[in-house]
Amino acid sequence: MTADTKWNARRRRAIQSVFQTDISQPTPHSTPSIRFPEHGQPFGGPLAQTPKKGADTQLFLSPENNQHAAQQTRFDRSWHVVTSRIALPNSVTAEDSFGSLPGSQNVNEEAFREALRDVLDPATRLPLAAHTEDIFAWHTQQVRLHFVSHVLPLLAVCDGYSDQTQTLLGSIRTLEAAYRQYLFGLRLILRAMEEEDAELALMKFQRDLHALVGNSMSTALMDALRSVLGQLMKTVLGVNTSRHVPKRREMATIPPVKMDKARKELHQLVESLCKVGFGGEKFQILFAELLDGTMIAYIRETFAGVWEPNDDLKIRSRIAGRIRVQPKCIRELLDWVENQYARLAVEVTSRLGAGIRVSWSDVSKWKEIAIGRLAALRIDELFDIVISWPDSEGGIDDLRYAITTPQRRLQLTDAFSATLQRRLLHAGRSTLDILRTYISMIRAFHKLDHSRVLLDRVAYSLQLYLCTREDTVRIIVTGLLANREEVNTEARNTKLVELVELLLQDSNQYQNERQDEDFDDLDWTPAPVDAGSNYRRRKSEDVIGTLIGALGSPEVFIKEFQSIIGERLLSEQTGFNQEVGVLELLKKRFGESSLQACDVMIKDIQDSARLDGVIHRGAVNHPEKVNRDWTIHARILSRLYWPEVGEERFLLPPDVTEMQKMYETIFEHLKPSRKIKWLNHLGQATVELELEDRTISEQVHTYEAAVINAFSEENSSTWKFDELYMKLEMDEDLLTAALNFWEKKLVLRRLPDNSYVVIERLSDAEQSSTLQVAQPSTVAVDLAPSTPRKAKSGISEKEKEKRQMYWQFIVGMLTNSSPAMPLGQISMMMKMLIADGFPWSNEELQEFLSEKIADGELEIVGGKYKLVKK
């Protein structure tokens, strides 16, 4: 056997393993052969009647054998007539139709009918024919061969179209043309059969053909079908089909005419797909996926950011009693699922003809799925809903209706906790923003879940983070002590003014809640299944109590409240009605004993005013003991009840010291068991300066007054820093701050030798500034060896921006890291934080901080810099 013969044999076996090629093919009329007899001659030809020599002539002349041969010949001729009539062409186009079926009056048609009966029922009509075949199997086999050889290549050509719509339409038209060809021959065969048998045969053929076509769908064709079908479904369901998703306010509804047109096109497409065999399992899966995606798209486009309060929800809730009332968004969504979503599903499945029916239970499941999808959307938006409270109450209503299972509640808390870590609990957010968000969380989660189980889960990490912020307690206390007039002013940028209104409300609710018991509560409900062992039901929001509870213990809050009350009482403020009112409200929450120290502090200030008047009258009655005008006033504090304020020692002018001693003498006469310890650094003084061209009056600290008083002595208009330090015995930082203060007020001027002189005339200061600007390089060279400090004049815009950036770093460190830092620690942290490096030395940084002290931005206490508490 040659190599070519072997290759042909292997090829034939491979084809036979896939296609049943052992079915005989008809012999066409156009290829006559002498082996086949002419019309009217016996089968076998003329030579068949002449026996060969030595052969048994009875074998050919037997009547029985002649009858077998005649019926076999008749079957072969009938098979040839039928198969040649229904043979498929070699192309598939729209013009390949076989035309209408010929009428019964045609002679050839009658002969075809007769041949078809022989082929369909050879057992009855030709019982002696030994070799017969199934015409249905033969036609099915030629359809498979034709589909593989001619239809699939044309479908591959359609897959190459750039337009997906053309790909889908081209594939459908190609398959429709092929179907016409395949069904033409089959219908010719079915005409000779009984109606019931014909129907069964047609169903079997269509089932096999649909399986063949359905398993031949390419990836490109599936993508085209997904795109075209998805666009039509979105239009029918009212979903935006463009890539740009408009905002809720900009979204325009799809016109009903366009939706009806898309619905008709969708019906025609589904019917065409079913006819050509594309309505099988793959299409059903694709349709289900598109339905699911369309629901998600509709929910996000229609309800994202729609949180308006449901004004009619409370009224409807009272009417309905304990029946759950649906919020507006839930009602709209369920109506869309029932009247649009389910309707489309019914219309498509009814055209598939695969026994698929949409029941009411399916619609109910779709409604549950839609509510779950809306709940997932609201969970993603929950942080924004909290920030926008109370304008976002509608979003909380949706969540309250949808979040009903422990699984969904857990999903909500996990997702919101992760969002808190990402968007709130980091160094970029100020403590004021965090506290304001926490207040909105308390109120929103109370609306969502009265049991507060969800709030306790999500607030734990926030409470821990607030404990790391040094200014948390101060901001809360400052907010409580704010005035109600500041609620709608710019004070919101620096104070937690929301607490002013909440304090009165929460205090009354808290007092009433402590008196209530559960046994007389007609609306009592059991604890949630996911509540902890230490669960305690609360009826009110109790924002103040929750905030104070986040601090760890009430003692922390009370201590800071006492400190801030002390600062206010020692300030120049005249009335303390706000502080007394807040103190009375806090007593309802913490009790009288916890805030006893604050009562003593307020009483000290009130008693000090009366006692100071008595002491002044006593001094007036003893003029021999007072050599000059009596100008000293004091506030006498009870040391054990006031916060620790520290002490900074320095020398006061002699006349002030003399007045203090006189004040002590009279006080000890009035209060024999008590003694006075002066805290000079906390005092205030009114200074009047008479210069040559002007008079200055300032309310300053006592250490600032002591420094400028040194320049008023005879022959002491110029002082060096070290000389002042030795004379006043004052801390260097206090002395630097005082000198910078008077330098800023244009009372003192620093000379190149680091000495300070009084500016008697402003023209002298202007001339000095002009000289420094005119000779910047000389001054820089002269000052470089002696001091690293920079002159204030001649600073470029770039240098100003750099100094402002450094100041922002310092404010951030003193706010978020530590409330007080020494100079060395500030310098070290600046060198670590600034990427380009921090070029200043400690002396330059100290001068910069002194400028901020003079500006009132910083203060120095115990050698550490602190932000001024405003």
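Which side chain meets that of glutamate 579 in a salt bridge? In this predicted model, the partner is arginine 568, with N and O 2.8 Å apart. Glutamate 579 belongs to helix α23 (residues 577-590) and arginine 568 to helix α22 (residues 554-569), so the pair ties together parts that are 11 residues apart in sequence. Glutamate 579 has a relative accessible area of 2%; because buried means under 20%, this residue counts as buried.

## Salt bridges

Side chains of opposite charge can pair when their charged atoms come close. The count for this model comes to 32 salt bridges. Three of them are set out below.

| Pair | N to O distance | Location |
|---|---|---|
| Arginine 117 and glutamate 114 | 3.1 Å | both in helix α4 (residues 107-120) |
| Glutamate 579 and arginine 568 | 2.8 Å | helix α23 (residues 577-590) and helix α22 (residues 554-569) |
| Arginine 750 and glutamate 847 | 3.5 Å | strand β4 (residues 748-750) and helix α33 (residues 842-854) |

The salt bridge between arginine 750 and glutamate 847 links distant parts of the chain, for its two residues are 97 residues apart. Arginine 750 is partly exposed, at 22% relative accessibility, whereas glutamate 847 is buried, at 9%. Another group of charged residues is joined through shared partners: salt bridges connect Arg74, Glu114, Arg117, Asp118 and Arg125 into one network.

## Packing of two helices

Two packed helices are described by the angle between their axes and the distance between the axes. Helix α11 (residues 281-303) packs with helix α13 (residues 328-352) at an angle of about 160°, and their axes are 12 Å apart. Angles over 145 degrees count as roughly antiparallel, and α11 is therefore roughly antiparallel to α13. The crossing of these two helices is right-handed.

## Backbone features in loops

Where is the cis peptide bond described here? It joins tryptophan 389 and proline 390, and its omega is about 10°. Proline 390 is located in the loop between α14 (360-387) and α15 (393-402).

Two residues other than glycine have a positive phi: leucine 746, with a value near 60°, and asparagine 754, with a value near 65°. Leucine 746 is in the loop between α28 (732-744) and β4, while asparagine 754 is in the loop between β4 and β5 (755-758). Leucine 746 is partly exposed, with a relative accessible area of 41%. Asparagine 754 is also partly exposed, at 35% relative accessibility.

## A nonpolar surface patch

Which residues make the nonpolar surface patch of about 340 Å²? The patch is made by Met828, Met832 and Leu833. Methionine 832 is placed in helix α32 (residues 823-833). Its relative accessibility is 64%; because exposed means over 50%, methionine 832 counts as exposed.

How values were computed:
Residues numbered from 1 in each chain as written. Predicted model: local features only at pLDDT ≥ 70, side-chain atom pairs only at ≥ 80, totals over all residues. Heavy atoms only, no water. Patch = residues over 30% accessible without salt bridge, like charges linked within 9 Å, V, L, I, M, F, W, Y side chains within 5 Å. Areas by Shrake-Rupley, 256 points an atom, 1.4 Å probe, with all protein chains shown as cover. Salt bridge = Lys/Arg side-chain N within 4 Å of Asp/Glu carboxyl O. Helix = DSSP H or I, 4+ residues; strand = E, 2+ residues; numbered from the N terminus. Buried < 20%, exposed > 50% of the residue type's maximum accessible area, 1.4 Å probe, protein only. Axes fitted to C-alpha atoms, helices over the stretch in contact; angles between N-to-C directions. Parallel < 35°, antiparallel > 145°, perpendicular 65-115°, else oblique. Left-handed = near helix turned anticlockwise from the far one by under 90°.
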